[in-house]
Amino acid sequence: LGSFKRERPRCCRLAVARVRQQSTAALRASTGQGRMLSCAGPIAWPEWRIFALALAVQVPCIVLQHVVGVLIYALSRDRRLAVLIWPTAALVSCVPFWLMPHAVALLSGELQGDAQFGIFVGATAFSFAAFRAVESALGTTPAPATVSLSAWLLYFTSSIDPKYTLVGIKPAVPPSGALTQRARRIPVRMVALGVIASLLSPQPHGASPFGREMLSIGVSDYLVFCLTHVIHSLEVWLFLALCFDIGALPLLAQGVDVGEAFLNPILRSCSPKELWGKRWNLQVNALLRRTAFKPLARFIGPAAAAIATFGVSAIFHEYQFALTFGPAYKVGRVSRFFGSMAGLCLVQTVCERVGALRSAARALPETLQAVLNVSGLAPFAHLFMLIWVDHGMFATVARMVPTMNCASR
């Protein structure tokens, strides 16, 4: 990595140092060329108590959401009291930092190690509630969600936005078989997550089975570093999509249609703006659009508002990570990732204003555009993924899905 060390920024050199150490250990452990990656041994089945603890967290969160939702609805009905929605939103955001540690402290030592997913679920529930309280204060809540208390509570407590009909004030009815189709996705996503978790699980020598296999055939450690975190991006996508699929089931069971949270963001996005604006986590995207982009666009224009929305997204993730990972999380880490993504989108916006560049990009096949997009994003993926690695979130995901022991043989 001599040339890499001279040319890359210091922050990237520090991030790849871990892979460089793992590479040396992995190569020493190798026995020569011709090695093949294989997965064998008994299947490690999902640890269902992780899901049980998450459910135990979600139930009181939903109860608290209903209480807060009734309060916000009452305040929004009176213009004189509507200003109190802002401190209510702030209070909703602060409660978990007091509530979650006390709840976890009630668990035994063994169960505390299984509570990370439950805390993640609770942090998401409270952050969504805070966003929707801000929507109420700004007047950007979807109109059908404000026609009655029951409609508001359905919207306020949902883990994914209900769909509404274009004409009328009622939620859209799901198509026939939507509940069954959504339920069938869950085991498929769990198996896919299990495959990725098995390939990327750390081994005694440091490198993952995938990383060790790539190193054994001569792939550079920096390329392995980037490829590993691209695959981790697939894992994050599948994990969040799994969570939204589970959250959609209660709404579909009530006869309320919901949208898709992801639209194949890694493999189909042809640019950073398409990935973040049209394909990645459309649920959070919608919340950010109503609470940040639309209000800001009125004053600073859509281009500047789009960049500022990345800042709001960074705050959202800082909040969630600080709550999920506790005091061990260093505030500011995930903001560097979203700052880099905002920079890439800004570069794309500037390039789009050059007619020749815009025409050349559009002339490329979509598959090549998608490959180039992933290649441009890959050097920055570690800024996010290493946070989940360092704080054991990927290890928690691996315990939630069926996995196997993979190694080079």
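A residue is counted as buried when its relative accessible area is under 20%, as exposed when that area is over 50%, and as partly exposed in between. The structure described here is a predicted model, and these classes are applied to its residues below.

Across the whole structure, a search identifies 15 salt bridges. One of these salt bridges joins the side chains of Asp161 and Arg290, with an N to O distance of 2.8 Å. Asp161 belongs to the loop between helix H7 (149-156) and helix H8 (178-200), whereas Arg290 belongs to helix H13, so the pair ties together parts that lie 129 residues apart in sequence. Asp161 has a relative accessibility of 12% and therefore counts as buried. Arg290 is likewise buried, its relative accessible area being 12%.

A further group of charged residues involves helix H8. Arg182, Arg185, Arg189, Asp245 and Glu260 are linked in a network of salt bridges. Within this group, the closest N and O atoms of the salt bridge between Arg182 and Glu260 are 3.9 Å apart. This pair links distant parts of the chain, 78 residues apart, with Arg182 in helix H8 and Glu260 in the loop between helix H10 (221-253) and helix H11 (265-268). Arg182 counts as buried because its relative accessibility is 7%. Glu260, by contrast, has a relative accessibility of 33% and counts as partly exposed. Glu260 also meets the side chain of Arg185 in a salt bridge, with an N to O distance of 2.6 Å. Since Arg185 lies in helix H8 and Glu260 in the loop between H10 and H11, this pair ties together parts that are 75 residues apart in sequence. Arg185 is partly exposed, with a relative accessible area of 22%.

A bend of about 130° occurs in H13 at Ile300, and a proline, Pro302, follows within four residues. Just after H13, Gly326 adopts a positive phi of about 75°.

With a relative accessibility of 17%, His391 counts as buried. When neighbours within four places in sequence are left aside, His391 is in contact with Gln116, Phe325, Ala328, Tyr329 and Arg333. The C-alpha atoms of His391 and Ala328 are separated by 8.0 Å, although the two residues are 63 residues apart along the chain.

Leu81, Val83, Leu84, Trp86 and Leu138 make a nonpolar surface patch of about 430 Å². Among these residues, Leu84 lies in the loop between helix H3 (48-77) and helix H4 (85-105). The relative accessible area of Leu84 is 40%, so this residue is partly exposed.

Technical notes
Residues are numbered from 1 along each chain as its sequence is written. This is a predicted model: local features need pLDDT of at least 70, side-chain atom pairs count only at pLDDT 80 or more; totals for chains, interfaces and linings use all residues. Side-chain values use heavy atoms; hydrogens and water are left out. Patches are made of residues with over 30% relative accessible area and no salt bridge: like charges are joined within 9 Å, nonpolar side chains (Val, Leu, Ile, Met, Phe, Trp, Tyr) within 5 Å. Accessible areas come from the Shrake-Rupley method with a 1.4 Å probe; for residues, only the protein chains shown count as cover. A salt bridge is a side-chain nitrogen of Lys or Arg within 4 Å of a carboxyl oxygen of Asp or Glu. Helices (H or I, at least four residues) and strands (E, at least two) are DSSP runs, numbered from the N terminus. Buried means under 20% relative accessible area, exposed over 50%, partly exposed in between (1.4 Å probe, protein chains only). The bend at a residue is the angle between axes fitted to the seven residues ending there and the seven starting there. Contact means heavy atoms within 4.5 Å.
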